[in-house]
Amino acid sequence: SRKNLARAVLGVVLVTLASLAAWWALAPAATPQPHPAPPPLPVAARDAGPAETSALVVAVRGTAEYGDGDTLTPLKVGVRLHLNHVVRTGRDGRIELLVGDEGSRISVPELSTVQVETLTSSVHGFRLERGRLAVEYDPRAGRLVRVEGPGGKAVAETRGAKFTMLSTGAVVGLATEAGTVDLWAAGKRVAVGAGQQATAVEGKEPSEAAPIPLEVLLKVAHGAQRLELCAAVQGRVRPAAEVWVDDRVVAVGADGRFQADVPRRDGLRQVAVVVREVGGATKSQLVACRPPGGSELLHVKVDWGP
């Protein structure tokens, strides 16, 4: 009868719903998938023997130290850097390393900290903790240069290019002069070609590659004035940039903002604010010391460095 048919259909539906409910209750909860890590070292790099185990120091200027722990010693021409060696340059320091052949060099300018991560016949790997690296790497089959930012969260790789990498701690910036460099962060790869730059804020994907700006960004203003201060400087730059205020390095936030208090001292009449972007272009601005309630912009200068 129709009633019996309806009861049978209803029974099938109820059994099906009960089965789905049981499956849903027993199914494992979905867990968010983390971003893929930057690419691991190629198998060839992991398996390669000690065919090439050092980087040769070919030039030293000013203050530069190296070591494999807390104790650092002065760096001299002819020293060979090995795995886990750390190099630090002072305010006036600069060094040049030979990696692999005469045509492949890495320059470490002032106020930079670099650690040797990998040195084999197939991979030359370094970690830029803070500061910058200038890399000129001749293309050769079967090898690459790899530069990591702090914590390995951003990685630059190329088999042949000329580029600069900058780390402010919160941001890694990459500018390419020749060739192409891959910038990895949060599982995303961006190819940065000649005349382009890209940035990677800690924990986030890198920006898309864009032309290196022709104009350096530097906006400066006085903050709240205190009697003991010559200037309370506040400003904004592009996130991948270095800033000096009164010849002191100033931290730059992920949004490009910075601030610095400059105490009064005898003979100090003005404060220099200098920014250097990842591509090497610099801009400086002089701000006058002032009594509370007054300010004066004295001079603006743009300098395109090497």
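**Entry 1. Arg 265 and Asp 246**

I began with Arg 265 and Asp 246, whose side chains form a salt bridge at 2.9 Å, N to O. I count as a salt bridge a side-chain nitrogen of Lys or Arg within 4 Å of a carboxyl oxygen of Asp or Glu. Arg 265 sits in the loop between strand 22 (257–263) and strand 23 (270–277), and Asp 246 in the loop between strand 20 (241–245) and strand 21 (248–250), so the pair ties together parts that are 19 residues apart in sequence. Strands here are DSSP runs (E, at least two residues), numbered from the N terminus. I noted Arg 265 as partly exposed, because its relative accessibility is 45%. Asp 246 is buried, with a relative accessible area of 16%. The cut-offs are under 20% relative accessible area for buried, over 50% for exposed, and partly exposed in between (1.4 Å probe, protein chains only).

The model is predicted: local features need pLDDT of at least 70 and side-chain atom pairs count only at pLDDT 80 or more, while totals for chains, interfaces and linings use all residues. Residues are numbered from 1 along each chain as its sequence is written, and side-chain values use heavy atoms, with hydrogens and water left out.

**Entry 2. Other salt bridges**

I recorded 18 salt bridges in the structure. One of them joins Glu 96 to Arg 105 at 2.9 Å, N to O. Glu 96 is partly exposed at 23% relative accessibility, and Arg 105 is partly exposed at 30%.

I then looked up Glu 148, which forms a salt bridge with Arg 127, the closest N and O atoms being 2.6 Å apart. Glu 148 belongs to strand 10 (residues 144–148) and Arg 127 to strand 9 (residues 123–137), so the pair ties together parts that are 21 residues apart in sequence. Both Glu 148 and Arg 127 are buried.

**Entry 3. Ser 167**

I located Ser 167 in strand 12 (residues 161–167). Ser 167 is buried, with a relative accessible area of 2%. The side chain of Ser 167 reaches the backbone oxygen of Glu 129 at 3.3 Å. Leaving aside neighbours within four places in sequence, I listed the contacts (heavy atoms within 4.5 Å) of Ser 167 as Leu 128, Glu 129, Arg 130, Gly 131, Pro 150 and Val 172.

I traced an open sheet of three strands in the order 18-19-22, with antiparallel pairing. Two strands pair if DSSP finds at least two bridges between them. Strand 18 (219–222) and strand 22 are the edges, each with a single partner strand, so one side of each is left without a neighbour in the sheet. Seven bridges join strand 19 (residues 229–236) to strand 22, and these two run antiparallel. Leu 229 has Pro 263 in strand 22 as its bridge partner.

**Entry 4. The disulfide**

How many disulfides does a search of the whole structure find? I found one disulfide, under a cut-off of cysteine sulfur atoms within 2.5 Å. Cys 230 and Cys 289 form it, with their sulfur atoms 1.8 Å apart. The link of Cys 230 and Cys 289 is left-handed, with -85° about the S-S bond. The pair links distant parts of the chain, 59 residues apart: Cys 230 in strand 19, and Cys 289 in the loop between strand 24 (281–288) and strand 25 (297–304). I noted Cys 230 as buried at 1% relative accessibility, and Cys 289 as buried at 18% relative accessible area.

Terms used: Helix = DSSP H or I, 4+ residues; strand = E, 2+ residues; numbered from the N terminus. Polar contact = N/O pair within 3.5 Å; in protein donor to acceptor, adjacent residues only side chain to side chain.
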